Amino acid sequence: MNELRNLRTGLGMDVHAFAEGRKLILGGVDIPHYQGLDGHSDADVLAHAISDALLGAVRGGDIGKLFPDTDPAYKDADSLKLLAEVARFVRDQGFQIIDVDSVIAAQAPKLSPYREVMRENLAAAMALPVENVGVKATTTEHLGHEGREEGITAYATCLVCRTG
Ligand SMILES: Nc1ccn([C@@H]2O[C@H](COP(=O)(O)O)[C@@H](O)[C@H]2O)c(=O)n1
Ligand SMILES: C[C@@]1(CO)OP(=O)(O)OP(=O)(O)OC[C@H]1O
């Protein structure tokens, strides 16, 4: 029972709007598309959702607390590097990251060709085996802001265990 008490789950979600002239970076992959996501950073909505899941699990606030979007240091920031910092923070708080799963809601482009490289990038950023990182994609059947191709939403969950 005591060991189970050391387990914590985390939930994260993030939304970024599409904008012309921006890159579409998801899970650290630069995906060819006619529009990209707007943001202060590189707007990697998947890396942000996973970062928030991890921070939630250790009650560490959220990504905006660690990396304020008013700080010029994070202008066009590589969100995989921010995720690596979050993973280090989680470990410094005395937790082991066990597993991460995620889903990207995007009407377009087709993301499944990029799934494995996204998993590899994210796993490397968190120093996790790739089998402990899940990435899925879904359309929203043309409903909502994702369905109108106005933006992309990402959701993530994680499981961590207190080690210290
Ligand atoms: N942007 C996306 C959305 C979906 N996929 C893949 O297509 C499958 C079917 O999507 P539905 O929304 O119709 O359920 C989904 O399971 C993904 O494998 C994708 O690659 N990119
Ligand atoms: C990572 C940050 C850094 O400015 O990136 P943004 O592109 O502003 O993305 P958002 O998910 O709106 O907020 C998180 C910010 O901390």
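Residues are numbered from 1 along each chain as its sequence is written, while chains are lettered from A and ligands numbered from 1 in the order in which they are written. Because the model is predicted, local features need pLDDT of at least 70 and side-chain atom pairs count only at pLDDT 80 or more, whereas totals for chains, interfaces and linings use all residues.

Colleague: In what order do the 5 strands of the open sheet lie?

Modeller: Strands here are DSSP runs of E with at least two residues, helices are runs of H or I with at least four, and both are numbered from the N terminus; two strands pair if DSSP finds at least two bridges between them. The edge strands, each pairing on one side only, are β4 (36-37) and β6 (136-138). The pairing is mixed, and the order is β4-β1-β7-β5-β6.

Colleague: How many bridges join β1 to β7?

Modeller: Strand β1 covers residues 7-19 and strand β7 residues 151-162, and the two run antiparallel. The number of bridges joining β1 to β7 is 11.

Colleague: Which residue of β7 is the bridge partner of F95?

Modeller: Strands β5 and β7 also run antiparallel, joined by 10 bridges. Strand β7 is mostly covered, with 9 of its 12 residues buried, where buried stands for 20 or more other C-beta atoms within 10 Å of the residue's own, exposed for 12 or fewer and partly exposed for counts in between, with C-beta atoms placed from the backbone. The bridge partner of F95 in β7 is R162.

Colleague: At about what angle to β1 does helix α2 run?

Modeller: Helix α2 (residues 45-57) lies across β1, β4, β5 (95-105) and β7. Axes are lines fitted to C-alpha atoms, for helices over the stretch in contact, and angles run from 0 to 180 degrees between N-to-C directions. On that basis, the angle to β1 is about 155°.

Colleague: Which residues does the UniProt annotation "binding site" cover?

Modeller: The annotation comes from an unreviewed entry, and UniProt annotations may be inferred rather than shown by experiment, with feature names shortened and positions given in the numbering used here. Although the annotated residues are spread over 35 residues of sequence, they cluster in space, with a largest C-alpha distance of 10.1 Å.

Colleague: Why is D14 classed as buried?

Modeller: D14 is placed in strand β1. Contacts are counted when C-beta atoms, placed from the backbone, lie within 7 Å, and, not counting residues up to four places away in sequence, D14 touches V45, H48, A49, D52 and A154. D14 is buried because the number of other C-beta atoms within 10 Å is 24.

Colleague: Is H48 buried or exposed?

Modeller: H48 is placed in helix α2. Leaving aside neighbours within four places in sequence, H48 is in contact with D14, I63 and S79. With 28 other C-beta atoms within 10 Å, H48 is buried.

Colleague: Which residues are around ligand 1?

Modeller: A residue is counted here if its C-beta atom, placed from the backbone, lies within 6 Å of the molecule. By class, the shell has 3 nonpolar, 3 polar and 1 charged residues, with Ala, Val, Leu, Ile, Met, Phe, Trp, Tyr, Cys and Pro as nonpolar, Asp, Glu, Lys and Arg as charged, and the others, Gly among them, as polar. The residues are A106, K110, L111, S112, A137, T138 and T139.

Notes:
Contact = placed C-beta atoms within 7 Å.
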